Amino acid sequence: MACNSSDQELQAQDQKINKFLQNVNHKILVMSGKGGVGKSTVATNLAVFLSNQGYKVGLLDVDVHGPSIAGLLGLTGLRLNTDGDQFQPYQYNDNLKVISIQGLLNQPDDPLIWRGPVKIGIIRQFLADVNWGALDFLIIDSPPGTGDEPLTVAQTVTDCQAVIVTTPQEIALADVRKSIQFCKKVNMPVLGIIENMSGFVCPSCGNMHAIFKSGGGEKTAADYNLPFLGQLPIDPNVVTAGDAGRSIDTLTSHTKESMQHIVEQFLQKLPTKQKGVEKTMKIAIPIVQGKLCTHFGHCEQFAIITIADGKIVKHETLTPPPHAPGVIPNWVADHGCTDIIVGGMGEAAQAILQQRGVKVSCGAPSDTPENLVAVYLRGELVDSGNTCDHEHGDHEHGHGCGGH
Ligand SMILES: Nc1ncnc2c1ncn2[C@@H]1O[C@H](COP(=O)(O)OP(=O)(O)OP(=O)(O)O)[C@@H](O)[C@H]1O
């Protein structure tokens, strides 16, 4: 019995995780073969720079034994709040939400002495039970190496892509090659390699000193036919900023431009079909008498709202075809909708929409399309459960509204 109930709990958690991940366009695992190469610095700054460009970003620190994200963003000592059964992430800025294991510690310097299963459990919980909202990017900072944490992410976030951070010395590159092999084994595409601490410009003489050598990351990328995303120099300002909880974006040095260049390369390497989706969105909302109709399959009309650069640029009201299994989800996708906000929807309809690349947000309350879209764009649409307000017994497939 105990075994069954724990299996059921795991299945329920899997469902929550999958539901969240459906609402994330790009999942990125930042890895390194070696410790101390600047992986957390890169992960943090990637998240901050992307959020500054208007992307909705979640930054998840799964480095259970050495969480440094909170410190790098000046969030040390803040406890994670909960709302019902969900963790509330830290809101670093309007677009960036952050979760770090540090937020669960009584004291920031408390050590976590956890074995694999506990670590796996907390990572899964941070994917299942956090009020992330819809995201353009989920950036996951994992500890160095190829242990439980990156493996859990690879197995749980199945369409995750890796960014590998290295320093240029051979001893670091040897471990990068292991990370590349790891990614191959778990079928995780490598989006690119970043070389950190690549050369130091002497403030006195102005000459470049390749303290840890230079170019090894680029060569390794070429050897494995992987994209090279760029280099960050050794810059004492990075340490000062990181220690003070500030991002590289606050620096005036050349390092800020280097980071900007890395982010541009990173965005260019994303699969073309997904690039820039958030800049132009078409959001479908089933309505009845001007408000969201919780009965997806039997709504009167659909509000179809087009968003460009975060603003409503078009508002259409369209009448869907008569309901029959699969017809309305396909009709929504045929109208080029990128997102749909609903009260309740069955699994069959969700599967069709997902297959056709439409992001589904379930559990929305009955409200006007404009209000719902505003909340949705802020990433604050709270999933209050897959609702369905009719009881006509016409669920021929044994589930909710989606089959209609
Ligand atoms: N380009 C850089 N120039 C100077 N210092 C840097 C640079 N990048 C990172 N650092 C510093 O190196 C130290 C380690 O960085 P960071 O914590 O990002 O590494 P990590 O690879 O994530 O480490 P861990 O192995 O603990 O996960 C920090 O003090 C950080 O400020």
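Reply:

**The ligand shell and the interior**

Of the 21 residues around the ligand, Gly35, Gly38, Lys39, Ser40 and Thr41 come nearest; a residue is near a molecule if its C-beta atom, placed from the backbone, lies within 6 Å of it. Helix 2 (39–52) and helix 8 (236–243) are the elements that give two or more residues to this shell. Helices here are DSSP runs of H or I with at least four residues, strands are runs of E with at least two, and both are numbered from the N terminus. By class, the shell around the ligand has eight nonpolar, 10 polar and three charged residues. In this scheme Ala, Val, Leu, Ile, Met, Phe, Trp, Tyr, Cys and Pro count as nonpolar, Asp, Glu, Lys and Arg as charged, and the others, Gly among them, as polar.

This is a predicted model, in which local features need pLDDT of at least 70 and side-chain atom pairs count only at pLDDT 80 or more, while totals for chains, interfaces and linings use all residues. Residues are numbered from 1 along each chain as its sequence is written.

In the largest nonpolar core, which has 101 residues, Val30 and Ile139 touch the most other members. Such a core is a set of buried Ala, Val, Leu, Ile, Met, Phe, Trp, Tyr and Cys residues joined through C-beta atoms within 7 Å. Helix 2 provides the largest share of this core, seven residues. At least three residues come from each of domain 1 (17–274) and domain 2 (278–403), with bounds taken from an automatic or database domain assignment. Leaving aside neighbours within four places in sequence, valine 30 is in contact with residues including Lys39, Val42, Ile139 and Val165; contact requires C-beta atoms, placed from the backbone, within 7 Å.

Strand 2 (residues 57–61) is largely enclosed by the rest of the structure, because five of its five residues are buried. Buried denotes 20 or more other C-beta atoms within 10 Å of a residue's own, exposed 12 or fewer, and partly exposed the range in between, with C-beta atoms placed from the backbone. Val57, Leu59 and Asp61 cover one side of the strand, and Gly58 and Leu60 the other.

Strand 2 runs parallel to strand 6 (residues 96–100), joined by five bridges; strands pair if DSSP finds at least two bridges between them. Aspartate 61 stands opposite serine 100 in strand 6. Five bridges also join strand 2 to the parallel strand 7 (residues 135–141), where isoleucine 140 is the bridge partner of leucine 60.

Technical notes: Two residues are in contact if their C-beta atoms, placed from the backbone, lie within 7 Å.
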